[in-house]
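Work through the exercises below with the structure open beside you. Try each task before reading its solution.

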Amino acid sequence: MKLAVIEGDGIGKEVISSAVKVLDALSLPIEKVPLEVGLRKWEKCGVAITDEDMETIKECDCILFGAVTTPPDPDYKSVLLTIRKELDMYANIRPIKPLAGITGITGRNDFDFVIVRENTEGMYSGIEELHDDVSYTTRVITRKGSKRIAEYACKLAKTRKNNLTIVHKSNVLKSDKLFLDVCRDTARYQDIDYKDMLVDSMAYSLICSPQKYDVIVTTNLFGDILSDMSAALVGSLGLVPSANIGEKHAFFEPVHGSAPDIAMKGIANPIAAVLSLKMMLEWHDDTEEAKIVEDAVNHVLTQKIRTPDINGSARTKDIEYALVDYVRKQLA
Ligand code: NAD
Ligand code: IPM
Ligand code: MN
């Protein structure tokens, strides 16, 4: 397998460096292709990702990605959105489940749900018009885009509790009526238990009763916001991984950003990046290795080797060394 490794900016560099050490400890036949994209590339070349970078990425099977900082430029074309769209990675999968010994803001650990976020359209259409006194962003919802994400969510629900929640705002956004109708029809056809929720009351319900949910399917921006909010249930943005899945390619990244407030301090939590690596191993059917990585994370957390975002005093490197040590012992 050929893997593009993009550290990106800020803590992206720190957390991907740790995830790669964990990957190396597994000694799998994976060819790593390092690529520099993001703010530094933009400062040097005026673009954050070049056409050549995109060609190299297309030659790889998948990508392990840290995070990039958005440059202060109104004409900036997002690296993430470029990769997601050009490789048509339409499903953004964000599992929200508790980790060993860690509880988030609600103190509960009885939930386990997955946000399935449509990743190519909605408010992220890129169709925008900016003027001095008025600006527009066109929200695009298509039958094709809604159907394929609904099918992905239903397929996932079948491997879990067969329960789907469709999250929308069709009381105000007429475009969401199409999304809702297509998701309902797909769930009915596939015999999935489903219900729908308006996104505002869903945000409330997720905080009050997260244990009620299994698979959540929603449009692009709602999925973005609900996933950061849900990270607070787990305990930190530094703990939540994600996968962007398309027909041919896949791209694995923490849910968090480049966190300029803690960059270069050596205290970023690398677990979201390491669990993104775990999702990559599962996608590639390296199931045993994926399990070892997940066990390593839970082992390290149980040992109370924790970064400051989850009330510990360990550094990124301490977590990395402990994870690598655990993996090596499992394989010895
Ligand atoms: P952020 O996710 O970078 O940080 C939000 C808060 O969470 C900060 O206080 C940060 O310190 C904390 N945090 C995040 N990850 C952490 C970790 N691994 N360990 C410990 N604490 C962690 O969001 P932001 O500050 O709004 O965005 C910063 C930059 O990142 C912006 O330029 C934004 O556009 C970009 N961004 C990039 C991605 C990506 O590339 N995948 C995702 C989100 C935001
Ligand atoms: C995410 C990020 C991105 C998004 C930004 C940085 C383009 O917030 O991956 O959640 O909005 O999708
Ligand atoms: Mn986000």
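## Exercise 1: the shell of ligand 2

Ligand 2 has Leu 80, Arg 84, Arg 94, Arg 117, Tyr 124 and Asp 224 around it. A residue counts here if one of its heavy atoms lies within 4 Å of the ligand. This is a predicted model: local features need pLDDT of at least 70, side-chain atom pairs count only at pLDDT 80 or more, and totals for chains, interfaces and linings use all residues. Residues are numbered from 1 along each chain as its sequence is written, chains are lettered from A and ligands numbered from 1 in the order in which they are written, and side-chain values use heavy atoms, with hydrogens and water left out.

**Solution.** 

Step 1. Apply the classes: Ala, Val, Leu, Ile, Met, Phe, Trp, Tyr, Cys and Pro are nonpolar; Asp, Glu, Lys and Arg are charged; the others, Gly among them, are polar.

Step 2. Look for polar contacts (N or O atom pairs within 3.5 Å). A polar side-chain atom of Arg 117 is 2.7 Å from an oxygen atom of ligand 2. For Arg 94, the distance from a polar side-chain atom to a ligand oxygen is 3.0 Å.

Step 3. Check the cover. On its own, ligand 2 has 320 Å² of accessible area (Shrake-Rupley, 1.4 Å probe). The protein covers 74% of that.

## Exercise 2: ligand 1

**Task.** Which residues come nearest to ligand 1, and how is its shell made up by class?

**Solution.** 

Step 1. The shell holds 21 residues; Val 68, Thr 70, Gly 257, Ala 259 and Asp 261 come nearest.

Step 2. By class, eleven are nonpolar, seven polar and three charged.

Step 3. The side chain of Asp 261 places an N or O atom 2.8 Å from an oxygen atom of ligand 1. Asn 269 uses a backbone N or O atom, 2.9 Å from a ligand nitrogen. Glu 253 has a polar side-chain atom 3.1 Å from a nitrogen atom of ligand 1.

Step 4. Taken alone, ligand 1 exposes 800 Å², and the protein buries 69% of that.

## Exercise 3: the whole protein

**Task.** How many of the residues, in percent, count as buried?

**Solution.** 

Step 1. Buried means under 20% relative accessible area (1.4 Å probe, protein chains only).

Step 2. Of the 332 residues, 55% count as buried.

Note on methods: A polar contact is a pair of N or O atoms within 3.5 Å; within protein, one must be able to donate a hydrogen and the other to accept it, and residues adjacent in sequence count only if both atoms are side-chain atoms. Buried means under 20% relative accessible area, exposed over 50%, partly exposed in between (1.4 Å probe, protein chains only).
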